[in-house]
Amino acid sequence: MPHPPSFTCANGRQSVPITLVCDFRSDCIDNSDESFCHHLPCDQTVNFQCHKGQCVKRQAVCNDAEDCLHGGDEDLCTTANFHIKAVTWPVVINLEGPRRVRLVPLNTTYSTDQPLDCPPAHFQCPGSGYCLPIFMRCNGVYDCQGRQDEADCDRYTCPGFYRCRASAVCLTADEMCDGVFHCPQHDDELLCDSVCPPGCTCYGHAFFCGGPFQEGQFAELRYLHASGSGLRPADVSNNTMLVYLNLASCALRELSHLSLPNLHILHLGDNHLTEVSDEHLFHLPNLRHLSLAGNPLTSIFRKQRVAPVLSSLLHSLDLSRVTIPVFHMTALSPFPNIEVLNLSDCEVDTLSTDRLETPTSLHVLDVRGCPLTYFPRDLLQGLGQLREVMADNYKLCCPVTLPPGFNLADCRAPSDEVSSCDNLLRSHVYRVFLALFAALALLGNLTAFVARVFLNRVRNGFDVFTITLCSSDFLMGVYLAIIGVADRHYMGSYLWNDVSWRRSAACKVAGFLCMTSNEVSALVVCLITLDRLLVLRFPFSRVRFSKKTGALASGTVWVVGVVLALIPLLPPTAHWGFYSLNGICMPLPITRKEFLGHNYSFSLFIVFNFVLFMLIAVGQLLIYQSVQKNSLKHADVTNQSSKDQRLARRLITIAMSDFLCWFPVGLLGILSSAGQPISGEVNVALAIFALPLNSAINPFLYTVNRLLEKRQMEREKRLMEQLTVQIKQRAVFNEQDSRHV
């Protein structure tokens with residue numbers, strides 16, 4: 001069930017029932033519930049017009065009850081007053097209507113020492129024999145001779161009765177709606193003839209309706225919530241006392257000109273409106289809040305009148321969920337007093353302004369859910385009264401974009417994980433490690449590639465795979481170098497170059513190289529694991545990669561890697577802007593933030609790579625078991641088998657380093673998809689530290705392992721030479737002994 005609605009006073013600290021608004025009585029301390037009201041014209045042929053335009057029925061004139069707020073209906077009347085002092089004690093006094101007083105004697109002996117046995121809803125005047133109606137207690141009029149009926153009114157709680165509004169007067173149920181005003185503000189006779197239409201829930205002059213009804217019969221209606229009812233603006237054209245109107249989700253396709261002079265709040269959200277001009281609002285002079293959320297608007301406030309727009313009191317405008325790629329702040333020029341602008345989730349990509357027509361009174365700007373790619377540098381500079389900004393783009397909260405004196409704590413936007421207002425890489429730590437990994441990946445892999453291609457002979461599939469791995473890791477170094485150069489180029493001014501960099505060909509190339517390097521490396525390590533497993537498991541079999549089959553497999557891997565990296569750049573998927581989502585040109589799906597291409601990124605980086613490295617882990621386990629088994633039979637193995645075991649041990653360190661770098665990416669991606677919050681800083685840390693780490697250290701792992709292998713071979717060679725010398729010496733010694741014999 002809805003709650004009885006209330007009207008918030010202008011001071012923001014007080015609210016009053018909506019039914020009491022525009023009733024000629026000031027309920028707000030600041031009089032804001034009455035100061036704006038335009039009342040219905042008074043038909044003086046059947047009604048009496050009070051001061052300030054209040055209308056009462058002709059029958060209310062000279063009825064000894066002040067129907068007009070200031071008593072104008074009784075000013076010129078000759079009234080007959082009754083005097084209690086002329087009544088014989090003990091007696092019960094009943095007021096039964098205008099000029100009608102009935103005295104009922106009490107059948108009891110009166111004594112000043114004993115209280116009277118007054119009827120219910122009556123009280124005794126102390127020291128007298130009168131029983132007065134309860135509503136005469138604390139009504140602001142001295143009814144008892146000793147004035148005791150107005151004593152201690154601040155502590156009078158009115159137990160068991162109706163307490164009149166803004167007073168201490170109490171009434172019984174029989175005195176409500178009896179045609180006589182007992183309450184000082186006449187609220188005991190308020191809404192006595194009101195009727196609630198079928199299908200509506202009513203609270204006085206406030207209706208919550210789910211369908212059409214006879215709106216014209218309720219001229220005093222103040223509040224109408226008719227969302228989803230199918231009502232049209234024309235249906236409420238005669239309800240000029242409306243202060244609140246909600247016609248959301250009513251399938252409105254066009255907006256007729258409304259003429260509701262008292263309307264404060266208008267909700268027209270989730271309809272089919274395509275155009276709203278200031279002319280539609282011309283006859284809403286008191287409109288404070290307007291909601292057009294969720295409408296397919298193509299034109300907003302296209303000015304049609306030359307005369308000043310009367311809707312200048314509007315201070316809150318809700319355009320959330322309205323698809324507006326480009327929003328011109330000049331559209332708000334008809335509303336110079338606007339304070340709150342809600343553009344959340346309306347897909348605004350470009351925000352433009354004219355300093356001469358910017359609404360300088362704006363206090364709150366909400367653009368959450370909007371990409372807001374382009375906006376002028378001075379967009380917010382002229383908004384001297386701006387107090388709060390809510391956005392998804394960190395650039396809107398950079399000090400250089402905000403007006404002077406703005407408190408940065410009141411600008412709520414998530415910081416960019418990668419970039420700052422000044423630099424592409426927000427941290428010097430990122431910058432140092434990126435440069436280090438770039439140098440290691442470029443120099444290390446280039447050296448390893450040259451050594452293996454030009455200095456050593458390529459003999460089998462393993463050598464081909466190693467060369468392929470060097471090549472793919474070298475691409476990662478190129479990617480890191482591109483990011484580093486861009487960071488240096490835009491240093492100090494990245495804020496205004498962010499979009500141009502992320503949408504540049506260089507950024508797309510960098511992202512393409514990074515993706516290709518990652519996928520080719522993962523696939524090659526998987527092939528190397530398979531090759532070593534075949535060699536160790538089946539040492540006497542010919543089922544293994546030769547130089548030719550290794551080259552064919554490597555070529556296939558390159559094709560797969562290039563295709564996977566190229567898919568986000570193809571026309572059907574180009575709208576993703578896959579490599580343009582952040583400054584490092586590589587979106588990892590390890591945060592809960594959704595983006596176009598998120599499913600593709602998750603499927604590739606998390607699912608596909610996770611499966612590959614699980615296969616690598618299983619393969620490495622089997623290789624380890626084979627190495628351990630063969631080590632027990634060292635005396636029986638051939639030189640080739642011993643060499644294969646050394647290669648397997650070398651591969652374990654390379655494959656496990658790759659696995660340990662990729663495993664956190666897969667694990668965090670799975671946790672993120674399960675709803676676990678992952679910090680955006682983790683995304684950057686993995687992109688800068690984890691992904692390039694393999695490419696930087698792999699060539700050195702080759703070198704270290706190779707040096708260790710060479711040292712082992714040299715040690716074995718020395719041992720063999722020493723053993724040969726000893727054998728020869730022993731043979732010579734034996735030969736000499738035989739001669740002596």
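Accessible areas here come from the Shrake-Rupley method with a 1.4 Å probe, and for residues only the protein chains shown count as cover. By that method the accessible surface of the chain comes to about 37,000 Å², of which 58% belongs to carbon and sulfur atoms. The model is predicted: local features need pLDDT of at least 70, side-chain atom pairs count only at pLDDT 80 or more, and totals for chains, interfaces and linings use all residues. Residues are numbered from 1 along each chain as its sequence is written, and side-chain values use heavy atoms, with hydrogens and water left out.

The chain has 8 helices and 25 strands. Both are DSSP runs numbered from the N terminus: helices are H or I with at least four residues, strands are E with at least two. Of the 741 residues in the chain, 48% are buried. Buried means under 20% relative accessible area, exposed means over 50%, and partly exposed lies in between (1.4 Å probe, protein chains only). Contact means heavy atoms within 4.5 Å. Among contacts between residues at least 6 apart in sequence, 51% join residues at least 24 apart.

Next comes the interior. A nonpolar core is a set of buried Ala, Val, Leu, Ile, Met, Phe, Trp, Tyr and Cys residues joined through side-chain atoms within 4.5 Å. The largest one has 63 residues, and Leu-224 and Phe-327 have the most contacts inside it. Strands β12 (206–209), β23 (364–367) and β24 (388–391) are the elements that give two or more residues to this core. A second, separate core has 48 residues, including Cys-398, Ile-483, Leu-513 and Leu-691. Back at Leu-224, the residues touched beyond four places in sequence include Phe-207, Cys-209 and Tyr-244.

Cys-209 also touches Gly-199. Gly-199 sits in the loop between β10 (170–171) and β11 (200–203), and it counts as exposed because its relative accessible area is 65%. Gly-199 and Gly-210 are 11 residues apart in sequence, with their C-alpha atoms 6.2 Å apart in space.

Charged residues come next. Side chains of opposite charge can pair when their charged atoms come close. A salt bridge is a side-chain nitrogen of Lys or Arg within 4 Å of a carboxyl oxygen of Asp or Glu, and the structure holds 7 of them. In one, Arg-368 pairs with Asp-366, the closest N and O atoms being 2.7 Å apart. Arg-368 is partly exposed because its relative accessibility is 39%, whereas Asp-366, at 5%, is buried.

Another salt bridge joins Lys-395 to Asp-498, with the closest N and O atoms 3.3 Å apart. This pair links distant parts of the chain, 103 residues apart: Lys-395 is in the loop between β24 and β25 (411–412), and Asp-498 is in helix α3 (residues 498–502). Lys-395, Asp-498 and Arg-502 are linked in a network of salt bridges. A further pair is Asp-487 and Arg-431, with a closest N and O distance of 2.5 Å. Asp-487 is in helix α2 (residues 461–489) and Arg-431 in helix α1; both residues are buried.

Helix α4 (residues 505–537) holds Ser-521, which counts as buried because its relative accessibility is 11%. Leaving aside residues up to four places away in sequence, Ser-521 touches Leu-469, Ser-472 and Asp-473.
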